[in-house]
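Open the structure in your viewer and keep the selection tool at hand. The stops below each say what to select and what to look for there.

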Amino acid sequence: WSADGFSPGGGRIAAEGPNRTFELWNVEVGSGRRTLLYRSNEHDGPPELARWTPDGRWVLFWTDTFESGSIAADGLPLLAVPADGGRAVPLASEVLRTPQFVVPCGPGRVLIVSGFDRYVSAHKSLELFTEGSWAARQVSADASHSWFDPTCSPDGGTIAASATLMPGDEDGFIDSSARMLWLLETGGTRRVLLGAPHDRASFEGARFSRGGRKLLYVEHPTRYGAPKQLRLLNLATGRSRLVADIGVGAVDYYGLHDWAG
């Protein structure tokens with residue numbers, strides 16, 4: 001068995017197993033009672049938890065069709081299944097295997113970064129899904145950019161996301177794609193460019209404050225091994241201030257950085 005992640009509140013856990021059966025279960029921690037959520041066929045490959053929805057009613061998961069690290073790096077199918085059991089619903093055919101690409105976005109909604117290619121700077125778009133019906137709406141709606149590493153305001157009305165110009169394959173040039181920082185309304189078409197690359201600087205890793213009035217983000221020169229700064233932006237005044245120098249940080253060869261980690 002492999003235990004993947006607790007439900008909100010900690011009363012249940014998503015688990016895969018037993019060994020080599022390609023099954024996803026909802027297990028009650030107190031009693032050990034379990035409910036089968038999904039059984040992969042030989043073509044789907046093993047399921048892997050992406051996240052529980054914040055209300056604990058749905059479990060989102062990937063299926064690793066070919067069980068190949070290289071093939072999976074370019075994106076895997078993402079599905080949703082009721083936490084009490086039921087029919088699994090396909091959401092997107094290619095989503096990179098990171099929780100940063102499957103994020104809650106207000107009551108009853110999940111924001112997903114979809115698109116083929118292991119580089120975050122290539123072919124990524126933002127899709128907003130409504131729980132239950134799982135109807136999707138394209139939020140980024142701009143194929144001239146690759147959109148990634150999103151975060152939602154506490155009320156779910158605004159998305160902050162990084163974007164790079166297409167084509168954006170970073171192969172051979174780690175951290176060379178200049179990252180912009182955008183605000184997008186989830187309920188409309190309004191979008192605001194907060195940080196455009198200047199003097200070869202990039203902006204990414206944005207996270208809202210609890211009240212939604214400030215935005216924490218990372219700024220760094222667009223080159224491999226450059227020092228990074230953590231900055232805090234007041235959305236009302238447009239002014240930012242330095243919070244901390246955070247050094248070089250860890251490098252990911254495909255452009256996705258786990259700043260929260």
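Select strand 19 and strand 20, a hairpin with five residues between its strands. In this predicted model, G238 of the hairpin takes a positive phi near 80 degrees. Strand 19 covers residues 228-234 and strand 20 covers residues 240-247. The two run antiparallel and are joined by six bridges. To see one of the pairings, pick L230, whose bridge partner in strand 20 is A244.

Now select R239, in the loop between strand 19 and strand 20. Is R239 buried or exposed? Its relative accessibility is 65%, so R239 counts as exposed; the cut-off for exposed is over 50%. Leaving aside neighbours within four places in sequence, R239 is in contact with L232, L233 and N234.

Strand 18 spans residues 214-221 and runs antiparallel to strand 17, with six bridges joining them. Between strand 17 and strand 18 there are five residues, and G212 in the turn has a positive phi of about 80 degrees. Select F203 and look across to strand 18, where E219 stands opposite. Then show the whole of strand 17, residues 201-208. How many of its eight residues are buried? Seven are, and the strand is mostly covered.

Select C105 and C152 next. A disulfide joins them, with an S to S distance of 2.1 Å, and the structure holds one disulfide. The torsion about the S-S bond is about -95 degrees, so the disulfide is left-handed. C105 sits in the loop between strand 9 and strand 10, while C152 belongs to strand 13 (residues 145-152), so the bond ties together parts that are 47 residues apart in sequence. Both C105 and C152 are buried.

The largest nonpolar core has 37 residues. Which of them touch the most other members? Select L60, L91, V102, L126 and W134. Apart from this core lies another, of twelve residues, including A14, W52, L79 and V81. Nonpolar side chains tend to be buried together in soluble globular proteins. Keep L60 selected and show what surrounds it. Beyond the neighbours within four places in sequence, L60 is in contact with L49, A50, R51, T53, L79, A80, L91, V102, V110 and W134.

From that list, go to T53. Where is T53? The residue lies in the loop between strand 5 (47-52) and strand 6. With 1% relative accessibility, T53 counts as buried, because buried means under 20%. Not counting residues up to four places away in sequence, T53 touches P8, W58, L60, V110, E131 and W134.

The last stop is D64, in the loop between strand 6 (58-63) and helix 1 (69-72). Is D64 buried or exposed? Its relative accessible area is 12%, so D64 is buried. Show its side chain along with that of R97: a polar contact of 3.4 Å joins the two. Neighbours within four places in sequence aside, D64 is in contact with D44, G45, P46, A72, L76 and R97.

Note on methods
Residues are numbered from 1 along each chain as its sequence is written. This is a predicted model: local features need pLDDT of at least 70, side-chain atom pairs count only at pLDDT 80 or more; totals for chains, interfaces and linings use all residues. Side-chain values use heavy atoms; hydrogens and water are left out. A nonpolar core is a set of buried Ala, Val, Leu, Ile, Met, Phe, Trp, Tyr and Cys residues joined through side-chain atoms within 4.5 Å. Buried means under 20% relative accessible area, exposed over 50%, partly exposed in between (1.4 Å probe, protein chains only). Contact means heavy atoms within 4.5 Å. Helices (H or I, at least four residues) and strands (E, at least two) are DSSP runs, numbered from the N terminus. A polar contact is a pair of N or O atoms within 3.5 Å; within protein, one must be able to donate a hydrogen and the other to accept it, and residues adjacent in sequence count only if both atoms are side-chain atoms. A disulfide is a pair of cysteine sulfur atoms within 2.5 Å. Two strands pair if DSSP finds at least two bridges between them.
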